[in-house]
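Hi everyone, thanks for coming.

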Amino acid sequence: MEKGARHRNNTGKNHPGGSESEASPESGSGGGGVALKKEIGLVSACGIIVGNIIGSGIFVSPKGVLENAGSVGLALIVWIVTGVITAVGALCYAELGVTIPKSGGDYSYVKDIFGGLAGFLRLWIAVLVIYPTNQAVIALTFSVLILKFWRGTGCSDFYNVASQLRFSAAVLLLTWVNCASVRWATRVQDIFTAGKLLALALIIIMGVVQICKGEYFWLEPKNAFENFQEPDIGLIALAFLQGSFAYGGWNFLNYVTEELVDPYKNLPRAIFISIPLVTFVYVFANVAYVTAMSPQELLASNAVAVTFGEKLLGVMAWIMPISVALSTFGGVNGSLFTSSRLFFAGAREGHLPSVLAMIHVKRCTPIPALLFTCISTLLMLVTSDMYTLINYVGFINYLFYGVTIAGQIVLRWKKPDIPRPIKINLLFPIIYLLFWVIFSLWSEPVVCGTGLAIMLTGVPVYFLGVYWQHKPKCFNNFIESLTLVSQKMCVVVYPEMEAGSGTEEVHEDTEEQRQPIYQPTAAKDKDSEQPQP
């Protein structure tokens, strides 16, 4: 294993992330070493997108959207427009995904187009804020909904402790499933995605029944656009930001491109199927909510779908919290699955500790990256203000979505002749950028400034950890020993990259930007001894 770990640093120019030219003896593959398996078909790809989008957002965000929109009619318009803008962003990512077919999603695209520092900052903010927070919000919603059955205990401290225990248990269980098998993880995702679609279908059907009974007072134009607060452009912009949280996750399939079966076909197909489906479900679920609840009742609820079920299902009201809890459980699984691939891709490019780029010799799963994702999510237990988290995650996510889509325009200018199986009109990325830059800055200028400040804390980390190659020998030896211990504990090795898998660099990075966080002295000496071709 030591030889494999060191040999990673001797890769050629077109493989900055490193792949072993000699098979590790533990791989058992007989010649090529271990590699990520292509086990994600079209159905599972759609399950990843739908399952990640429909987490807790549609069950939590309706309150935030309506509160800031100021009327039922405007709230429904926000949901529709947000869905359209999400579709525009997804089209942009579809082009990027088939042009740069690498796992890692927007991190890989930003790094290849803008260089190592920009890619590292994307990864830095993802590690610190975006994905631990996103998974924590979904898992906390799951644990709170499960505790609906323990209302009679009369002990709020018990609720808090039990909520944290269920939060931790859900994350640990799903981490184990993802470590055990990619196929298990995708099957869990498929099953829970089907379950959450059935739960939302139940909400929509009950809404249709209500409309047939004549319960559509808040859908009539004169009532729908009746403002219950003074209209404010800043609040409307914040409503769009809240709605964006519910659509968050539409780009997650791009993180697992290398595990897709026929990614050139299945990546865009999954996007074209999933985004319109989610938009349809979201809009009509919100229509259903207002057939049974007044705006005041909806704003008073912390779990809109559960309150909706209590009003219409009677003794069967327990179905709704269970359905929503299972939906969020599937959302945690999807987020763990995809975000671990982001950290895996970052480590492979040398922007995170190299052990995170290793996979299990038999199961072919990125166990160290999954464990890292699990630990960072559990650390979010100290945060309890869900709506602050929603605003914060919404802004940071869309900041980097904007940077990535701006990179699409730059790539068209710098590399106009590279193969593009999908090529969209440049008007789409321009519309997306204008829309979200204006609304993000207008709605939360302080949060924007804070987010940018946190992102910039990664600059010194990049220069110390990645750019600076001549670190003290004792530091390199310590990191190498820690890596080897982690390898033995997790039984992992560096994966082999397939030829022609899309790992060629679009951006001409410097050697410093390509190197891993550490480079063992022995490896450097071996490199210097090798004859130049």
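Let's start at Trp 250: leaving aside neighbours within four places in sequence, Trp 250 is in contact with Ile 49, Ile 53, Thr 86, Gly 89, Ala 90, Tyr 93, Ile 275, Tyr 398, Tyr 401 and Tyr 432. Contact here means heavy atoms within 4.5 Å.

Before going on, a word on the source: this is a predicted model, where local features need pLDDT of at least 70 and side-chain atom pairs count only at pLDDT 80 or more, while totals for chains, interfaces and linings use all residues. Residues are numbered from 1 along each chain as its sequence is written, and side-chain values use heavy atoms, with hydrogens and water left out.

Buried means under 20% relative accessible area, exposed over 50%, and partly exposed in between, with a 1.4 Å probe and protein chains only. Helices (H or I, at least four residues) and strands (E, at least two) are DSSP runs, numbered from the N terminus.

Now, staying with H11, look at helix H4, residues 72–99. The axes of H4 and H11 come within 10 Å and cross at roughly 175°, so H4 is roughly antiparallel to H11. Axes are lines fitted to C-alpha atoms, for helices over the stretch in contact, with angles from 0 to 180 degrees between N-to-C directions; over 145 degrees counts as roughly antiparallel.

Next, is helix H5, residues 106–114, mostly covered or mostly open? Mostly covered: eight of its nine residues are buried, among them Asp 106, Lys 111 and Asp 112. After H5 comes Gly 115, with a positive phi near 110°.

One more residue: Asn 68, in helix H3, residues 57–69. Asn 68 counts as buried because its relative accessibility is 9%.

Zooming out, the chain has 22 helices and two strands, and 60% of its 533 residues count as buried.

Key:
Parallel < 35°, antiparallel > 145°, perpendicular 65-115°, else oblique.
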